[in-house]
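Reader: I have a protein chain to look over. Could you walk me through the model?

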Amino acid sequence: AVLGFGGFKARQKLGLNPEVVQIDEAPTALVPLAEMDELCKQGLSLDEAKAQVKSKTLLTNHTLVNAAEASFTLEQFERYVIKNLETEETRKWLRGLIRDHDGRLNLSTLAIELSGVRNGVSKVHAQFASQMFKEEDGSPVEFHPVTNGISERWVQPELLRLYKDTGIFDEDFYPGDGYQEKTDILDPIMLRQLKDQARTNLREYLTSRIDQYNQPVVIPEDAKIACWTKRMAGYKRPEMLYEDPQ
């Protein structure tokens, strides 16, 4: 509530009125809620204000696990959210939305209500999100797949240089033109050498770190390293690691 209402008011003070507002994850739905309330305060009807907010708001959902799916009671909304709304139209609409959901509202429902475009961060993510969420009238919600850009911090420098030199990545770390064909003709021996060097660098770095037993982290040179850098959610297919151990 502090970031949603306070952030919107800070944006007003700075004279900022962006044509597109991206909200990352459901809790940021309080920003378009604050904007809808302000438009009603300026004299627009609720339907007009809601349509204007939806036309400029883009929701990006990053995870479908329950831990990111916060929900709150009407009492909690009254205490922290509704008291910050200035128009009776917006207060009445939000109370009705909460009552329609048995007195407890998921923030993702609010985010979907106030956004006109919805994104998931991979193809499979968008597919599952489209199955999970519904519009207020019960119709399906369409999530569009938008794959995250690749940060240079996530990639071994030598691999990153190879991907850039071959045109697989452009200067902004996004896939370059024809990246699929360029990936197919990469030299597999060179790739293996670079990845072996990355493992060596990792093992050497970890010896300078201390584990929970106050000992250096030592990984044998011939160890196979499996790394899962995602949340343990079924739709992310963690079983892939074990489908073909060989």
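This is a predicted model: local features need pLDDT of at least 70, side-chain atom pairs count only at pLDDT 80 or more; totals for chains, interfaces and linings use all residues.

Reader: How many helices and strands does the protein chain have?

Author: The protein chain has eleven helices and six strands.

Reader: Is the chain more spread out or less spread out than a compact globule?

Author: The chain is more spread out than a compact globule, because its radius of gyration is 24 Å, well over the 18 Å that the globule rule gives for 246 residues. Along the principal axes, its C-alpha atoms fill a box of roughly 65 × 45 × 40 Å.

Reader: What percentage of the residues is buried?

Author: Buried residues make up 35% of the 246. The chain exposes about 16000 Å², of which carbon and sulfur atoms supply 52%.

Reader: Turning to strand 1, which side chains point to which face?

Author: The side chains alternate along strand 1, residues 21-24.

Reader: In which sense does strand 1 pair with strand 2, parallel or antiparallel?

Author: The pairing with strand 2, residues 57-61, is parallel and runs over four bridges. Within strand 2, Leu-59 is the residue opposite Ile-23.

Reader: And the charges: how many positive and negative side chains are there?

Author: There are 31 positive and 39 negative side chains, and the centres of the two sets lie 4 Å apart.

Note on methods. Residues are numbered from 1 along each chain as its sequence is written. Side-chain values use heavy atoms; hydrogens and water are left out. Helices (H or I, at least four residues) and strands (E, at least two) are DSSP runs, numbered from the N terminus. The radius of gyration is taken over C-alpha atoms; the globule rule is 2.2 Å times the number of residues to the power 0.38. Buried means under 20% relative accessible area, exposed over 50%, partly exposed in between (1.4 Å probe, protein chains only). Accessible areas come from the Shrake-Rupley method with a 1.4 Å probe; for residues, only the protein chains shown count as cover. Lys and Arg count as positive and Asp and Glu as negative; His and the chain ends are not counted. The place of a charge is taken as NZ of Lys, CZ of Arg, CG of Asp or CD of Glu. Two strands pair if DSSP finds at least two bridges between them.
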